[in-house]
Amino acid sequence: WMPVELKKYYNPVTSLLSKNGADGWRGMKPKAQLQVETRTPIEVNPDSIYKPIERIEKKFSKLHVPKKLEEALPFKSRPKDDKRKKKTSYTTKRAVVMDADEKKKYTFLQAVSTIRNEKVTKRRETNSIKMAKKEKQNAKKEEAIMAYRKANIKKRYREEGKIKAAQDRKRLKG
């Protein structure tokens, strides 16, 4: 080992730090305190200011599937052409004028279908009410079953505990 002398980089002034030391001596003030005292504005970095985010909306091109690959795909996975649906056929353009007899049949069918729809909605409502009642009854039954099971488990654990305690007593007596 070789002795190495370290250079002293500072010499702390301990006498001036105490209150009893030199009068009027104070340490350095922080920058914020100096700015408040001199009333100079706080320096702001323009990059640090929050700005509204402007995002360009992305436009994606349509997916192009090669014909060979499309033919190899199952029908369910094939891209369906919406262009065919958009085209209006002559049947949608033409006006259908009904005779008096056809009009009567059409109104009769509408009336029958509305009656049927009302019956279906009523049936659904009554079914939902019945299901709610049944769920309540099932919940009550389930609670009773769980209470019974809990009591049985408690009873079984108590009996097992008594048996174990008796075995421990026997072991201790030897």
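These exercises work through a predicted model of one protein chain.

**Exercise 1. Describe the secondary structure of the protein chain.**

Solution. 
- Start with the count: the chain has 6 helices and 0 strands.
- Then read along the sequence: the pattern is α-α-α-α-α-α.

**Exercise 2. Which elements have the lowest and the highest mean pLDDT?**

Solution. 
- Take the chain first. Its mean pLDDT is 86. Of its residues, 85% reach 70 or more.
- Now go to the elements. Helix 4 (residues 83-86) has the lowest mean, 60. Helix 6 (residues 100-173) has the highest, 95.
- Keep a caution in mind: where pLDDT is low, predicted coordinates should not be read in detail.

**Exercise 3. Find the residues of the positive surface patch, then classify R158 as buried, partly exposed or exposed.**

Solution. 
- The patch gathers K150, K154, K155, R158 and K162.
- Locate R158: this residue lies in helix 6.
- Check its relative accessibility, which is 48%.
- Apply the cut-offs: buried is under 20%, exposed is over 50%, and partly exposed is in between.
- R158 therefore counts as partly exposed.

**Exercise 4. Which residues form the nonpolar surface patch, and where is I49?**

Solution. 
- I42, V44 and I49 form the patch.
- Together they have about 320 Å² of accessible area.
- I49 sits in the loop between helix 2 (31-38) and helix 3 (67-72).

Terms used
Residues numbered from 1 in each chain as written. Predicted model: local features only at pLDDT ≥ 70, side-chain atom pairs only at ≥ 80, totals over all residues. Heavy atoms only, no water. Patch = residues over 30% accessible without salt bridge, like charges linked within 9 Å, V, L, I, M, F, W, Y side chains within 5 Å. Areas by Shrake-Rupley, 256 points an atom, 1.4 Å probe, with all protein chains shown as cover. Salt bridge = Lys/Arg side-chain N within 4 Å of Asp/Glu carboxyl O. Helix = DSSP H or I, 4+ residues; strand = E, 2+ residues; numbered from the N terminus. pLDDT = per-residue confidence, 0-100. Lys, Arg positive; Asp, Glu negative; His and termini not counted. Charge placed at Lys NZ, Arg CZ, Asp CG, Glu CD. Buried < 20%, exposed > 50% of the residue type's maximum accessible area, 1.4 Å probe, protein only.
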